[in-house]
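The report below concerns a structure that is shown with its sequence.

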Amino acid sequence: MGLAGGALIGAAAVLLMLANGRIMGIAGIVGGVIQEPRSADTPWRLAFLAGMAVPAVAATALGLFPASVPAGMGMVLVAGFLVGLGSRMANGCTSGHGICGLARLSRRSMAAVATFMAVAGLTVYVVRHGLGGM
Amino acid sequence: MQRQISAFAAGLLFGCGLLVSGMADPARVLGFLDLFGTWDPTLAFVMGGGLAVTGLGYAWCLRRSGPLCAVNYQIPNRRDLDARLFLGAGLFGVGWGLVGYCPGPALLAGAAGQGTALWFCGAMLAGMLCWRWLEISDWLQPGTAKG
């Protein structure tokens, strides 16, 4: 299902480019809404987020939505803050750099993806194997 | 209105893609990032499928004179590798590796009403606003255009 789901994500990125001429970067879409709410882009950004909510609500109603991983509240807040700060500082996240940027062979995206993959892998290693099974 | 409808459809497809691929499940994301545990290769297939479709689709789109519902394509054209890119990607990587959420899946789980994801999203928005504040304050040297 990974390939099929990935193809759907790709179709979403192509649709946004074909229709609106925009890169599908989730951090940019959300960040744009809260950072520049009066921008002319806010209506389509909000529409994108509303579209995302439909399958989320439907899957929840059907009892199919996967649970989050157990983590302490402090860790969740720190992680969320770092993801928000880092994705805006680097001009992109997994969708903007990882899908859209790599697909157009952007060297900034290649550098960003290599960096966040390596750091995320290292982080998981430290949390799961490096701190005495914390 | 056309732009809102197409963006809504794209968001819907994106959310379905995250769910179908299993990437709405942070345990599977962490399973991919954990090379020394029981490795879950799914994320690589998701990236592969996504890149194949996006790569071909973008090439096809960009042969057209412009997008259907907007004036022109807005594509980042920066090629420089600056410190912000690496530092930002590094901070992002730490946060992603801690609980397995990147912005898309976190928002999806937040929309699904999951408590952990809602707290994560709140902190994520705070982090985004914090960057905005840093960016417009005098703490950082001006000059780097946003992509």
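## A serine side chain and the nonpolar core

In this predicted model, a polar atom of the side chain of Ser21(B) lies 2.8 Å from the backbone oxygen of Gly17(B). The side chain of Ser21(B) also reaches the backbone oxygen of Leu18(B), at 3.1 Å. Ser21(B) belongs to helix H1 of chain B, which covers residues 2-21, and its relative accessible area of 1% falls under the 20% cut-off, so the residue counts as buried. Apart from neighbours within four places in sequence, the contacts of Ser21(B) include Met1(A), Gly2(A), Ile9(A), Thr42(B) and Val46(B).

| Side chain | Backbone atom | Distance |
|---|---|---|
| Ser21(B) | oxygen of Gly17(B) | 2.8 Å |
| Ser21(B) | oxygen of Leu18(B) | 3.1 Å |
| Ser106(A) | nitrogen of Arg108(A) | 3.3 Å |

The largest nonpolar core has 71 residues, and those with the most contacts inside it include Met24(A), Met117(A), Trp96(B) and Phe120(B). Helix H6 of chain A, residues 107-130, gives the most to this core, with eight residues, while domain 1 (1-75) and domain 2 (80-147) of chain B each supply at least three. Phe120(B), leaving aside neighbours within four places in sequence, is in contact with residues of both chains, among them Val76(A), Val83(A), Val99(B) and Tyr101(B).

H6(A) itself has 24 residues and spans 32 Å from its first C-alpha to its last, close to the 34 Å expected at 1.5 Å a residue.

Methods:
Residues numbered from 1 in each chain as written. Chains lettered and ligands numbered in written order. Predicted model: local features only at pLDDT ≥ 70, side-chain atom pairs only at ≥ 80, totals over all residues. Heavy atoms only, no water. Core = buried A, V, L, I, M, F, W, Y, C linked by side-chain atoms within 4.5 Å. Buried < 20%, exposed > 50% of the residue type's maximum accessible area, 1.4 Å probe, protein only. Helix = DSSP H or I, 4+ residues; strand = E, 2+ residues; numbered from the N terminus. Domains from an automatic or database assignment. Contact = heavy atoms within 4.5 Å. Polar contact = N/O pair within 3.5 Å; in protein donor to acceptor, adjacent residues only side chain to side chain. Expected span 1.5 Å × (residues − 1).
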